[in-house]
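Begin with a pair of strands, then follow the sheets, the helices and the domains.

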Amino acid sequence: MNLVKEDFIKAFSLYEEKALQYRRFKHADILPLLQAKEIQKRFTVEEIGRSVEDRSIFRLKYGQGATKVLLWSQMHGDEPTATMALFDLFKFFNGEADGFDTFRTEIAEKLTVYFIPMLNPDGAERYQRRTAIDVDMNRDARAAATVEGALLKTQAMLLKPDFAFNLHNQNNYYNIPGTATPVTISLLAPAYDYARSVNEVRADAMRVIVGINNILQEFIPNAVAKYDDEHTPRGFGDNFQKWGTSTILIESGAYAGDTEKLEVRKYNFIALLNAFQEIASGSYSVHDIADYNAIPFNDEKLHDVLIRNLAIEKNGKKMRVDVAIRQNEKTVDDGYYVEGLIEDIGDLQDFYGYSDLDVEGLQFIPAKLYSERIFSLAELSSSKVAELLKQGYAAIRVSDRVDGGMMHAFPIQILTDTHFKSGMSPMIGDDANFFIGSDSEIRYALINGYLIDLILPLGAGVKNRVK
Ligand SMILES: [Zn+2]
């Protein structure tokens, strides 16, 4: 049985794990799924160790075929997209009477697939890259100093897999070269030496990648790239390749508007299912390495906001510049907020923004703090905030705090003191709080890196906090 485009769509829609829909899920969210009776229907679930902070790490096994495949996800705690896709696969392989039974049997007869979801549960707990001892696990393949990295290395030596999948997320700013399209999935057959030599082990990884690229092009044409292939002697992918396992790196990237990366997760699911199919049938072996080489490398020219042709003034001198802004997520106890910073200023013609705006004829207007009175949070509303923004106020003071925390969703800076800095022109590293308009009217607000068109009603989805 050979799955085609429609089958992948059907498989995902039937088996997406609905319990995982928000990217900041933690070990406590996956634990009940792993301990549930249903998952053991066709998987052998085994605890293979515990993290530094004593969170269980599981290995799931499917099938009894001669070819061994090992996948692990989330060795970087803040890279959860593939973990979601692995749980979709667990549901899929436990399904039945849906037209996929022959496929499941074929995979189980040809392959033994081992999955290690969320290898860094302590990092996931904090939504941070590194482990609890602050080591980057993907630079720990050689030393195996972390208990979690040592676990993976032990599995490598024990199982000696034929194929391995190292599952990560890359940042949102990679684009397909020469285009504003974000890279949704990037792929790599990591190099096992500095010369980036290609032996049969690495060549097979490249062939599997060609197959993955072929299927993904049917869904997301021109949104697949290759990850940087520089040899990383401490990296797990590079070392697995060196140890004789054909190793494939899959980086979940970005898809415009997909904050929780549920689209990207679907393409992970499809990529992995396709890879299983091709490895089981052996069809990957006919792919041409030239097609791997033809996949473009990631470029990194995206920003969250790009303002083009903004008139600025400094020291009485008038100039025109482009301004790029990026938003960083800051994790706090009750979730996360966004911090928007000015990233670059100048000629940014070759760069792109998720929000990309030409403001020719309009000028930079410094933001002001409203200091005539102190507000209470209860009296704030979207219309009140919109009114303040139109008058050039980017910050207000409040006398109280948000219930149970500091988070709020208003596109205005809410302060408990008078500390508010706004430059007379944009400067790199400054908070992205300013206005754009003419002498007579304010047209756009930039608040915390959110671009707000003041002609439209205020949108939702702002992640801000009381400062
Ligand atoms: Zn990573």
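Start at one residue pair: S186 has A225 of β7 as its bridge partner. Strands here are DSSP runs of E with at least two residues, helices are runs of H or I with at least four residues, and both are numbered from the N terminus. Two strands count as paired if DSSP finds at least two bridges between them.

This is a predicted model, in which local features need pLDDT of at least 70 and side-chain atom pairs count only at pLDDT 80 or more, while totals for chains, interfaces and linings use all residues. Residue numbers start from 1 along each chain as its sequence is written.

Now widen the view to the sheet around that pair. Eight strands form an open sheet in the order β1-β2-β4-β3-β5-β8-β6-β7, and the pairing is mixed. Its edge strands are β1 (44-50) and β7 (224-226), each pairing on one side only. From one strand to the next, the twist averages 20 degrees.

Six bridges link β1 to strand β2 (residues 56-62), and the two run antiparallel. Here G49 stands opposite I57 in β2. The hairpin of β1 and β2 has five residues between the strands, and D54 takes a positive phi near 70 degrees in this hairpin.

Which angle separates helix α1 from helix α3? Helix α1 (residues 5-15) packs on helix α3 (residues 81-94) at about 95 degrees, with the axes 9 Å apart. α1 is therefore roughly perpendicular to α3. Axes are lines fitted to C-alpha atoms, for helices over the stretch in contact, and angles between N-to-C directions run from 0 to 180 degrees. Angles under 35 degrees count as roughly parallel, over 145 as roughly antiparallel, 65 to 115 as roughly perpendicular, and the rest as oblique.

On the α1 side, A11, F12 and Y15 make the contact; on the α3 side, D88, K91 and F92 do. Contact requires C-beta atoms, placed from the backbone, to lie within 7 Å. By class, the contact of α1 with α3 has four nonpolar, no polar and two charged residues. Ala, Val, Leu, Ile, Met, Phe, Trp, Tyr, Cys and Pro count as nonpolar; Asp, Glu, Lys and Arg count as charged; the others, Gly among them, count as polar.

α1 also meets helix α9 (residues 262-281): the axes come within 10 Å and cross at roughly 125 degrees. The two helices are therefore oblique to each other. α1 passes α9 in a right-handed crossing. A crossing is right-handed if the near helix is turned clockwise from the far one by less than a right angle, and left-handed if anticlockwise. F8, A11 and F12 of α1 touch K266, F269, I270 and L273 of α9. That contact divides into six nonpolar, no polar and one charged residue.

The remaining pair is α3 and α9. Their axes come within 8 Å and cross at roughly 55 degrees. So α3 is oblique to α9. This crossing of α3 past α9 is right-handed. T81, A82, M84, A85, D88 and L89 in α3 meet V264, R265, N268, F269 and L272 in α9. Sorted by class, the contact of α3 with α9 has seven nonpolar, two polar and two charged residues.

Step back to the domains. The protein is divided into domain 1 (5-293) and domain 2 (302-465); the bounds come from an automatic or database domain assignment. Their C-alpha centres lie 38 Å apart. Nine residues from domain 1 and five residues from domain 2 make the contact. The domain 1 side of it divides into six nonpolar, two polar and one charged.

A hairpin connects β10 to β11 through two residues. A324 has D344 of β11 as its bridge partner.

Finish with an open sheet of three strands, ordered β14-β15-β17 with parallel pairing. β14 (368-369) and β17 (413-415) stand at its edges with a single partner strand each, so one side of each has no neighbour in the sheet. Two bridges join β14 to strand β15 (residues 393-397), in a parallel run. There, K368 has Y393 of β15 as its bridge partner.

Technical notes:
Two residues are in contact if their C-beta atoms, placed from the backbone, lie within 7 Å.
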